[in-house]
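Trainee: I am new to this structure. Could you take me through one part of it closely?

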Amino acid sequence: MKYLKFLLVGVFFGIVLVKSEAVSWYRIYEMFRFQSFHMYGIIGTAIASGVLFLQISKKGYIKSIKGAEIFVPKKDNGLIRYIVGGTIFGLGWALIGACPGPMYILLGTGVYSMLIVIAAAVLGTFIYGVLKDKLPH
């Protein structure tokens with residue numbers, strides 16, 4: 001029962017993304033062709049919200065589900081890996097027309113071909129987990 005609030009927030013988030021057309025392939029296509037500000041506004045709002053909530057959690061006002069303080073470890077410097085990883089992520093986003101969150105939302109709206117995309121994403125994550133220690137970080 002304590003997870004019900006997270007389910008409700010997820011459903012609300014899905015409705016907001018559908019209504020704002022953030023899961024629309026056409027809007028994503030416009031973004032990658034630099035034809036519309038729509039998606040950049042949504043992404044900018046998400047970044048600003050993330051920064052705000054991260055700063056609030058660092059002050060100790062927001063706790064984890066178990067009541068512990070949220071700790072965000074420092075990331076290692078490594079510009080190349082972020083550029084390569086971001087490029088792969090962006091290419092996948094452009095080819096599929098959805099990033100990880102909207103894949104599930106599109107499945108929920110009846111786009112059943114997203115099952116193939118989700119299966120491929122899970123397989124890719126599994127392969128990365130297997131190869132992680134062998135890759136240069």
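**A close look at one helix**

Mentor: This is a predicted model. Start with the order of the elements: from the N terminus they run α-α-α-α-α-α. That makes six helices and zero strands. The C-alpha trace spans about 40 × 40 × 30 Å along its principal axes.

Now go to α5, which covers residues 100-108. Which of its residues are buried? They are Pro102, Met103, Ile105 and Leu106. Look at their spacing along the helix. An α-helix has 3.6 residues a turn, so residues three or four places apart point the same way.

What do the buried residues of α5 pack against? They have two partners, α1 and α6. Helix α1 covers residues 4-19, and α6 covers 114-131. Find both in the view, then come back to α5.

Next, see what follows the helix. After α5 comes Gly110. The phi of Gly110 is positive, near 105 degrees.

Of its 137 residues, 18% count as buried, and Pro102, Met103, Ile105 and Leu106 of α5 are buried residues. Take the contacts with a separation of 6 or more: residues 24 or more positions apart account for 33% of them.

Finish with the surface. The protein exposes about 10800 Å². Carbon and sulfur atoms supply 72% of that area. As for charge, there are 14 positive and 5 negative charges, and their mean positions are 6 Å apart.

How values were computed: Residues are numbered from 1 along each chain as its sequence is written. This is a predicted model: local features need pLDDT of at least 70, side-chain atom pairs count only at pLDDT 80 or more; totals for chains, interfaces and linings use all residues. Side-chain values use heavy atoms; hydrogens and water are left out. Helices (H or I, at least four residues) and strands (E, at least two) are DSSP runs, numbered from the N terminus. Buried means under 20% relative accessible area, exposed over 50%, partly exposed in between (1.4 Å probe, protein chains only). Contact means heavy atoms within 4.5 Å. Accessible areas come from the Shrake-Rupley method with a 1.4 Å probe; for residues, only the protein chains shown count as cover. Lys and Arg count as positive and Asp and Glu as negative; His and the chain ends are not counted. The place of a charge is taken as NZ of Lys, CZ of Arg, CG of Asp or CD of Glu.
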